[in-house]
Each structure stands twice: as structure tokens, then as C-alpha cells.
Amino acid sequence: MLNRIRQAVGLLSGEQKRRRRAADDWKARHPEATYGHYFAERMVSVIARDAAQKTIGRKISDHSARMGERIAAEFIDLGIERGDVVVDYGCGTLRVGRHLIDYLDAGRFVGLDLDTQIVAAAEALLGADQRAKRPLLEAIGPDVLKRVGDMAPGWVVCNAVVNHLAPVDYDAFFDAVTQLTGAPGARLVIRTRYRDPGRRREALNWDVGPRDLEAAAARHGLTMSLPGGYPRRMRWGVALFASV
Ligand SMILES: C[S@@+](CC[C@H](N)C(=O)[O-])C[C@H]1O[C@@H](n2cnc3c(N)ncnc32)[C@H](O)[C@@H]1O
């Protein structure tokens with residue numbers, strides 16, 4: 001309760017200030033990386049300790065697992081066909097991606113994340129039926145982006161990733177992701193927490209300002225549409241991006 005009141009008036013607790021300082025110090029030491037890379041480092045530690053976390057690892061709650069299924073259905077309802085190549089960008093341990101694998105034809109799903117340990121943990125959590133679908137799971141790097149881009153994905157879907165990036169990270173994000181969206185008619189789908197104007201919530205959590213995201217996308221030749229417009233209050237939503 002106290003934390004909610006603090007959040008509403010923008011006050012940080014001592015612990016929140018410490019976490020924010022730690023994140024900002026890390027970013028200052030790694031100017032080429034995004035805050036998302038720092039988030040990924042922490043997820044690697046969650047996996048190594050087999051700890052409980054909201055979206056990553058073996059110990060997500062039943063509610064979070066059900067949300068994964070709902071989010072996959074939301075993506076499919078946008079028009080994904082079984083034969084499309086779909087990239088789950090920032091796939092984590094496939095809370096959402098496993099349902100896309102179930103839906104898609106064999107060999108059509110690609111899961112990408114920042115660290116080999118996240119990708120290995122994701123693979124280990126798949127069932128036999130899902131492995132039989134031959135999903136391609138890889139850690140993001142220049143060669144992988146090139147190789148997956150050559151598969152001409154029809155869709156790149158991205159859930160709960162951009163809210164771990166600061167606005168200064170958006171260009172680095174679009175630099176990478178637009179290497180995957182070159183095929184005619186390809187769509188990028190970003191599901192995140194939107195609020196206009198954007199704001200930092202916690203050390204590694206932002207309510208994403210749609211105008212900032214739209215401007216960064218435009219610098220990379222993408223147009224954005226956000227059904228329902230720019231929300232004044234925080235809401236989870238899906239924005240669609242396409243090449244100009
Ligand atoms: C909150 S988890 C969400 C995982 C999954 N999409 C889901 O909904 O369950 C965020 C994931 O995004 C990854 N990530 C963060 N920044 C990224 C970036 N710049 N590029 C790709 N992945 C990123 C993290 O490693 C982490 O696995």
C-alpha cells in the first residue's frame with residue numbers, strides 16, 4: 001500500500017533508489033548495452049539459482065503461465081497463419097512462445113533472447129511435442145540476426161521487453177529488430193505497458209511513451225499504429241509496426 005502511494009506521487013523508497021543507482025551505474029559502465037541487457041543479466045542469475053520470477057524460469061505462477069497463453073492468442077488473432085515464420089524477440093523461457101510453437105507448422109518458430117543461458121533454459125522447458133516442431137532458439141548476435149532475417153519472418157512479436165528499455169535504448173533496439181523485418185508485408189508487434197508521456201516506474205521498468213517509441217521507429221523506416229491512441233493512464237497494449 002505504502003509503495004503504491006509512493007509510486008503515485010513519484011517518491012522512491014531507499015531500496016528503490018539503491019536499485020535505480022545500481023542500474024544507472026551499470027549502464028554508465030556499459031554505454032553500448034541497453035538496460036534490457038542488465039535485466040537479462042539478472043534473469044541469467046534467476047535461472048542459475050532456479051529462483052521464482054514473474055515471467056522467466058520454471059517457477060512462474062499459474063496466473064503468469066495462463067497469461068502467456070492469452071498473449072499468444074492475442075498475437076495469433078492479429079492474423080498470424082500457421083505457415084508464417086514468427087520470431088519471438090526477447091522470448092525469455094517461452095512463456096508465450098511455447099503456445100506459438102504449438103500453433104505454428106514445424107520449423108516456423110524462432111525464439112531469440114540476449115543470453116545463451118536464457119535460450120538453453122527455454123529449450124529445456126519444452127515438451128517433446130514442442131521439440132518435434134523444431135523451433136529455432138538462439139542468442140541474439142550479428143550472425144544470428146542476419147541468418148534469421150534471411151528466413152524472411154512475416155512477424156516479429158515482442159512481449160514485455162520494451163518496458164525494460166529506457167527511451168535512450170530505443171534506437172539500439174530498432175537497429176537490431178529491423179534486421180528481421182525486411183520481408184514485404186512483415187509486421188513487428190510490440191506488447192508493452194504504454195502511457196503518454198512515458199515514465200520510469202522502477203529501476204528496470206518503464207511505462208513506454210508511445211510518441212518516443214513511434215519517433216524511434218520512424219528513424220528506422222517503420223510506421224506505428226496503436227489502437228485506442230495514446231493512453232494518458234498506463235495500460236498494456238499492442239502496437240503494430242510496418243515498413244514505410
Ligand atoms: C520480462 S521478460 C519477458 C519474456 C517473454 N517475452 C515473456 O513474455 O514471457 C523480458 C525478456 O526480454 C529480454 N530482453 C531484454 N532486453 C532485450 C533486448 N534489447 N533485446 C532482446 N531481448 C531483450 C530479457 O532477456 C528477457 O528474457
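Which helix supplies the largest share of the shell around the ligand?

**View 1. The shell around the ligand in the predicted model.** The largest share comes from helix α3 (residues 35–49), which contributes four residues; helices (H or I, at least four residues) and strands (E, at least two) are DSSP runs, numbered from the N terminus. Among the 23 residues around the ligand, those that come nearest are G36, A40, G90, G92 and R95, where a residue counts as near if its C-beta atom, placed from the backbone, lies within 6 Å of the molecule. By type, the shell holds 13 nonpolar, eight polar and two charged residues, with Ala, Val, Leu, Ile, Met, Phe, Trp, Tyr, Cys and Pro taken as nonpolar, Asp, Glu, Lys and Arg as charged, and the others, Gly among them, as polar. This is a predicted model, in which local features need pLDDT of at least 70 and side-chain atom pairs count only at pLDDT 80 or more, whereas totals for chains, interfaces and linings use all residues. Residues are numbered from 1 along each chain as its sequence is written.

View 2. D129, which lies in helix α7 (residues 128–132), is exposed because 9 other C-beta atoms lie within 10 Å; the cut-offs are 12 or fewer for exposed and 20 or more for buried, with partly exposed in between and C-beta atoms placed from the backbone. Between the C-alpha atoms of D129 and G221, which are 92 residues apart along the chain, the separation is 38 Å.

**View 3. The protein around these sites.** The protein comprises ten helices and nine strands, and buried residues account for 37% of its 244 residues. Its C-alpha atoms fill a box of roughly 50 × 45 × 35 Å along the principal axes.
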